[in-house]
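Reader: I have a structure open on my screen and would like to learn how to read it. Could you walk me through it, one feature at a time?

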Amino acid sequence: MSTLSFFVSRQVLFGLALLVFGTAVAQADGFGFAQVEARARSLAHAPYDATPPALPSFLKDLDPAQYAQIQDIHPYWSDSDSPFQVQFYVPGSYFPRPEKISVADQGAVAAIPFQLQDFSFGTLHPQDLPRDLGYAGFRLLYPLNTPPNDNEFISFLGATYFRAVGKDAIYGTSARGIGIDTAQPSGEIFPYYRHIWLVKPAPGATDMTVYALMDSSVVTGAYRFIIHPGTDCVVDVQATIYLRKPVQVLELAPLTSMFWHGHGRGVRAGDWHPAQHDSSELVLANGNGEWISRPLDNPLQIQTTSYEMQQPQGFGLIQQPRDFAAYQGIETQYQRRPSVWVSPVGDWGKGQVRLVELPTNNPDMDNIDVFWVPATQPQPGTAYHYAYQVRFFNQQHGLIPLAHPTATYLGYDEKDPKWQHVVVDFSGGALTRLPGTMTLQAHFSAADGAQVRDQHLEYSQDGHFWRLLAEVQTAPNVPSNLRAFLTLNDQVMTDTWTFLLQPTQGGH
């Protein structure tokens, strides 16, 4: 390869592809979600290619810190009038699988050529890397925090994962296109995007469209993402999936997060910080108008909690509180990590929101998964259509209408450790305008054979919140599902707080 051709830009190569390789070019006017659906349908009826990706040992053996040194230093569209720019990832470390990435621009669709010289390897010394290595994913830039400079705000990397941030936020909880058999004895299956299409936005555009073709041994799919950066980052998702064969758990609109410890929950493992987590609780809005809040936990063993719902209005992983003092993490900045909310579009019918909590002893493992499980799986080869919106945000902007459980604390009676202390604080919503002299009624229950004693409600004048206190003794070796909410004259004033209380182990 000559020196001149070696340093030609990706944009120039794209133009050459349009002129020279006409057979590889499709018209953008004739390309859209229907064409991706057709490809997904064809994949579902074809044998699955299980050949593992070939990757040079230099890239395969990189640890996360080393992999992070590899940076795309020549963003795509940086020399154009596009309001968005794109940076790419190379395969390596935990992301070994390359994917084809194409662009639709002014009436034509063509693959984006891989350019090794567009990447900086920091202190690494790559050896014998192929010129056709390909891309493992991409991230988008937009003048979000420091206009006119561009800032990264969304990243698609690994399997079907994507994560995003709004203004002045940093990455935390991730979303996924799909999940299969999480926490099942047979092992989780990770579908992946094998082809991505980036639609170049017009000058002045405030959103961008991305198409994706998903594949795996058990399911294929077509996705359209319309991405809106701003104070919140909003992603409108349209999907059609085709099962190759039945699966144990079909997981739609999955979210993945981390909860190590905080607020009296989780194993600290000697950590000195008050709390370390990307999300503090799961919140659900049922079709019957009930709002449910479930504080997250770092259990000693895998635990799964399912919430039966019909026509769900939304679910998400919420991060609170929003002050530095709650975390004391100068580098981690957990107070700036986004909450993520899924809003179904159309009628999702009957199913479950399922929460999976895995044990962890450090903040480097995502141990929280939440997703929608439809009551009925589609038949293999049959199209299953659904749509939803994912919002990444730091301020709720009235999302949760009722008063909300803002803190949950657990302890135990030192004299009789079988009795556990359960403390829940409620504030916000209509409680904000309610004087402390009003007599609220607490409704607290413990299922699965548990006993409750010393239940009462206290009001904090300083913090203007109501604190529910109770003592619970579970049945021997049986977890108890707890529920609590507050009313005023038979009117529900708060979300329904829920929690899975594990039996004490000798008070430890």
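Predicted model: local features only at pLDDT ≥ 70, side-chain atom pairs only at ≥ 80, totals over all residues.

Reader: In what sense do S11 and S12 pair, and over how many bridges?

Author: The general idea is that strands of a sheet pair through backbone hydrogen bonds, either parallel or antiparallel. Here, two strands pair if DSSP finds at least two bridges between them. Strands (E, at least two residues) and helices (H or I, at least four) are DSSP runs, numbered from the N terminus. S11 and S12 pair in the antiparallel sense, over seven bridges. S3 and S11, in contrast, run parallel and are joined by five bridges; Val-103 has Leu-198 in S11 as its bridge partner.

Reader: How many of the residues of S11 are buried?

Author: Buried means under 20% relative accessible area, exposed means over 50%, and partly exposed lies in between (1.4 Å probe, protein chains only). Six of the eight residues of S11 are buried, so this strand is largely enclosed by the rest of the structure. Ser-102 sits in strand S3 (residues 100-105) and also counts as buried, at 3% relative accessibility. Contact means heavy atoms within 4.5 Å. Leaving aside residues up to four places away in sequence, Ser-102 touches, among others, His-195, Ile-196, Trp-197 and Leu-198.

Reader: Which residues of strand S8 are on the covered face, and which on the uncovered one?

Author: In a regular strand the side chains alternate between the two faces of the sheet. In strand S8 (residues 161-164), Phe-162 and Ala-164 make up the covered face, whereas Tyr-161 and Arg-163 make up the uncovered one. S8 pairs antiparallel with strand S7 (residues 151-157) over three bridges, and Ser-155 has Arg-163 as its bridge partner. S7 and S8 form a hairpin with three residues between them, and Gly-158 in the turn has a positive phi of about 85 degrees.

Reader: Now for a helix. Which residues of H3 are buried?

Author: They are Phe-33, Val-36, Glu-37, Ala-40, Leu-43 and Ala-44. Seen down the axis of H3, these buried residues fall within an arc of 120 degrees, so they line one face of the helix; the arc is that of the directions from the helix axis to the C-beta atoms. Their cover includes S11, S12, strand S13 (219-228), strand S14 (233-243) and strand S25 (384-393).

Reader: How many aromatic pairs does a search of the whole structure find?

Author: A pair of aromatic rings is described by the distance of the centres and the angle of the planes. Rings of Phe, Tyr and Trp (its six-membered ring) pair if their centres lie within 6.5 Å; planes under 30 degrees apart count as stacked, over 60 as edge-to-face and the rest as tilted. The search finds 30 aromatic pairs. One of them is tilted and joins Trp-348 and Trp-372, at 6.0 Å centre to centre with 45 degrees between the planes. Trp-348 lies in the loop between strand S22 (339-345) and strand S23 (350-357) and Trp-372 in strand S24 (residues 368-374), so the pair ties together parts that are 24 residues apart in sequence. Trp-348 is buried, with a relative accessible area of 10%, and Trp-372 is buried at 0%.

Reader: Which residues do ring pairs link into a cluster?

Author: The cluster takes in Phe-138, Phe-156, Phe-162, Tyr-193, Tyr-223, Phe-225 and Phe-392.

Technical notes. Residues numbered from 1 in each chain as written. Heavy atoms only, no water.
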